[in-house]
Amino acid sequence: MSDAELVLRSTRVITPEGTRAASVAVSAGTITAVLPYDAPVPEGTRLEDFGDDVLLPGLVDTHVHVNDPGRTEWEGFWTATRAAAAGGITTLVDMPLNSLPPTTTVENLRVKRQVAADKAHIDVGFWGGALPDNVKDLRPLHEAGVFGFKAFLSPSGVDEFPHLDQEQLARSLAEIASFDGLLIVHAEDPHHLEAAPQQGGPKYADFLASRPRDAEDTAIAQLIARAKRLHARVHVLHLSSSDALPLIAAAKADGVRLTVETCPHYLTLTAEEVPDGASEFKCCPPIREAANQDLLWQALADGTVDCVVTDHSPSTADLKTSDFATAWGGISGLQLSLAAVWTEARRRGHGLEDVVRWMSARTAALVGLDDRKGAIAAGRDADFAVLAPDETFTVDPAGLQHRNPVTAYAGKTLHGVVKSTWLRGERIVADGEFTPPKGHLLTRTP
Ligand SMILES: [Zn+2]
């Protein structure tokens, strides 16, 4: 390690080969070697010894709604990236909607990048959006470096981002497949939603009945059929319905180019525990029953579900009314995702290596950043989280870095305290103290 500027040492370093005591050499922001724990550190090289705290690769969260510019009172690049950093996330990919403008043209992408540039405490990339009328914009956006395209198959919640009908989906997917891009899909079928009872009001059971599993299952089946026909790459966002797992597993076995994510709230919260009127728990598709959750965990364990991302989608508190039908749908949990997932994972007998695979390695691979992110290995960016996995804390929404102190995790006691987070070899947050923003704006690797 003669050329190392910095050595990070821990008795528990999570590498692709497993957890072991190691010294990680860093030079110019890149990991240059993973060495034995007691490798001699040359004079003049800075040594950071974390003792028994775990050194893991910074998380890569590919599903975050930053809402900036345009709805910055909901969140923003400054607050979102600070919250992410505090939670051990070093890369996020921003969703194309809820900001104004949405990321649906190259010009809009330019506006978004300009707004994010001096506010990003972590690395930030962008998804594009596939709308009924922007097929001509998809290839230029791809060439401008977006990581793929998001589409809705049912209303998105904001007027400026309309959903695709099946014919429009076919057209957009054919265009995206022509340059081997990635389509990421909010898969709920609008006809099944329309046919479901739409009670409204504060009862969670009524809200759950209004977003039935078969809406997800049907939309996913249709998407799989189209992906298979076009040999296109598709990704199912925020899977909630465990009933869709057999058809996902069958499609993967059949060679369909399909990946699937789920979210911390589906893995750690249950319909049974949501109080009536508590719309901080509202998201679409909804948090379902405990038995459904058990099957999602099984699917993560066996690889049917690939990865875990936050789908952090906050709003101001006044939009979280007690009527589930009209309240803003979105769960705020960016800063808490690692601790929330780890808390439940350990209870179910999973290791931190599993959490790292679901929340860093696989998400980095999803967006093609696995040459730079997602692992502690030579050649990757020196992005890390230092975690005390057995320490606990109780969630106080007012103490989070999110812009609005509303979260479904309020009052929960979680395992896993992030002691510090590092980006390209620089400590960007420790004990609630942040450095000025050092994040880069990322583009898809051509
Ligand atoms: Zn989302």
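Along the chain, the donors of the zinc ion follow the spacing H-x1-H-x245-D. The model on screen is a predicted one.

**Stop 1: the zinc ion.** Select the zinc ion, then His63, His65 and Asp311, its protein donors. The atoms to look for are NE2 of His63, NE2 of His65 and OD of Asp311, which lie 2.1 Å from the zinc ion. Are His63 and His65 buried or exposed? Both of these histidines are buried.

**Stop 2: the nonpolar core.** In soluble globular proteins, nonpolar side chains tend to be buried together. Here the largest nonpolar core holds 99 residues. Select Leu56, Phe149, Leu183, Leu239, Leu258 and Val355, the members that touch the most other members of this core.

Leaving aside residues up to four places away in sequence, Phe149 touches Trp127, Gly128, Gly129, Ala130, Leu138, Leu141, His142, Ile176, Phe179, Leu182, Leu183 and Ile184. Ile184 also leads elsewhere: a second, separate core of 18 residues includes Ile184, along with Val93, Leu131 and Phe161.

**Stop 3: the cavities.** How many cavities of 30 Å³ or more does a search of the whole structure find? The search finds four. The largest cavity has a volume of about 60 Å³.

To find the largest cavity, select the residues that line it: Glu280, Pro314, Ser315, Lys320, Gly330, Ile331, Ser332, Asn404, Val406, Thr407 and Ala408. Colour this lining by residue type, and it divides into four nonpolar, five polar and two charged residues.

Methods:
Residues are numbered from 1 along each chain as its sequence is written. This is a predicted model: local features need pLDDT of at least 70, side-chain atom pairs count only at pLDDT 80 or more; totals for chains, interfaces and linings use all residues. Side-chain values use heavy atoms; hydrogens and water are left out. Donors are N, O and S atoms within 2.8 Å of the metal (3.2 Å for Na, K and Ca); water is not among the atoms, so sites may look incomplete. Buried means under 20% relative accessible area, exposed over 50%, partly exposed in between (1.4 Å probe, protein chains only). On a 1 Å grid over the protein atoms alone, a cavity is a set of points where a 1.4 Å probe fits but cannot get out, and a pocket is an open set with protein on both sides within 12 Å along at least five of seven lines; lining residues have an atom within 4 Å of a point. Grid points are joined across faces, edges and corners, and a volume is the space filled by probe spheres set on the points. Ala, Val, Leu, Ile, Met, Phe, Trp, Tyr, Cys and Pro count as nonpolar, Asp, Glu, Lys and Arg as charged, and the others, Gly among them, as polar. A nonpolar core is a set of buried Ala, Val, Leu, Ile, Met, Phe, Trp, Tyr and Cys residues joined through side-chain atoms within 4.5 Å. Contact means heavy atoms within 4.5 Å.
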